[in-house]
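Visitor: I have a model open and want to read its features one by one. Please take me through them.

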Amino acid sequence: ITVNNKWIPELDVTYFFTPHIAAELVLTVPQKQNVYLDGNKIGSFTHLPPTLLVQYHFIPNGTFRPYIGAGLNFTRIWGADIANNSLSLDSWSVAPALQIGMDYKLTKNWFLNADVKKVWLSSDVKAAGVKVSNVSLDPWLFSMGVGYRF
């Protein structure tokens, strides 16, 4: 079982506790994914995947500011219509997430950002409420953006 790849907008909100330590909340809009079995579409589901990460910024005052992060993804799944509703997915998936990224300072407050995140998502697949399988999505998330630091 596979799902389609997708490009989606996201909003990252980062709060710095110290110059080196920050927390980042990654938000997006609900996404509808198509589900395939052997290349044939067998259904879809909708999900909302916020992620909360703790980051370490190596050079917080430099022009080039690399960082790493680790945290959790909390994915809410609903509206599963798979194999004419004969299969369902768990409503929640809580999974680890890792991140590596960088900020590039443009002015005092503006910067460019790029990062890569790896999330290990999975959900039990059920038929008539009984687990029949497990599906792992395990996406790589690539982000680029412009940021403003207050």
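Visitor: Is Tyr 15 buried or exposed?

Guide: Buried means under 20% relative accessible area, exposed over 50%, partly exposed in between (1.4 Å probe, protein chains only). Tyr 15 has a relative accessible area of 54%, so Tyr 15 is exposed. Phe 17 is exposed too, at 57%. This is a predicted model: local features need pLDDT of at least 70, side-chain atom pairs count only at pLDDT 80 or more, and totals for chains, interfaces and linings use all residues. Residues are numbered from 1 along each chain as its sequence is written, and side-chain values use heavy atoms, with hydrogens and water left out.

Visitor: What is the mean pLDDT of the protein chain?

Guide: pLDDT is the predictor's confidence in each residue, from 0 to 100. Where it is low, the predicted coordinates should not be read in detail. Here the chain mean is 94, and 100% of the residues reach 70 or more.

Visitor: How many aromatic pairs does the structure hold?

Guide: Rings of Phe, Tyr and Trp (its six-membered ring) pair if their centres lie within 6.5 Å; planes under 30 degrees apart count as stacked, over 60 as edge-to-face and the rest as tilted. The structure holds 4 such pairs. In one of them, the ring centres of Tyr 15 and Phe 17 are 5.1 Å apart and the planes stand at 75°, so the pair is edge-to-face. Tyr 148 and Phe 150 also make an edge-to-face pair, with centres 5.1 Å apart and planes at 75°. Phe 150 is exposed at 90% relative accessibility, while Tyr 148 is partly exposed at 38%.

Visitor: Which residue forms a salt bridge with Glu 10?

Guide: Side chains of opposite charge can pair when their charged atoms come close. The cut-off: a side-chain nitrogen of Lys or Arg within 4 Å of a carboxyl oxygen of Asp or Glu. Glu 10 pairs with Lys 117, the closest N and O atoms being 3.5 Å apart. Glu 10 is in strand β2 and Lys 117 in strand β10, 107 residues apart. Strands (E, at least two residues) are DSSP runs, numbered from the N terminus. Lys 117 is buried at 2% relative accessibility, whereas Glu 10 is partly exposed at 34%. Asp 115 belongs with Glu 10 and Lys 117 to a network of salt bridges.

Visitor: In what order do β8, β11 and β12 form a sheet?

Guide: Strands of a sheet pair through backbone hydrogen bonds, either parallel or antiparallel. Two strands pair if DSSP finds at least two bridges between them. The order is β8-β11-β12, in an open antiparallel sheet. Its edge strands are β8 and β12. β11 and β12 are joined by 6 bridges.

Conventions
Helix = DSSP H or I, 4+ residues; strand = E, 2+ residues; numbered from the N terminus.
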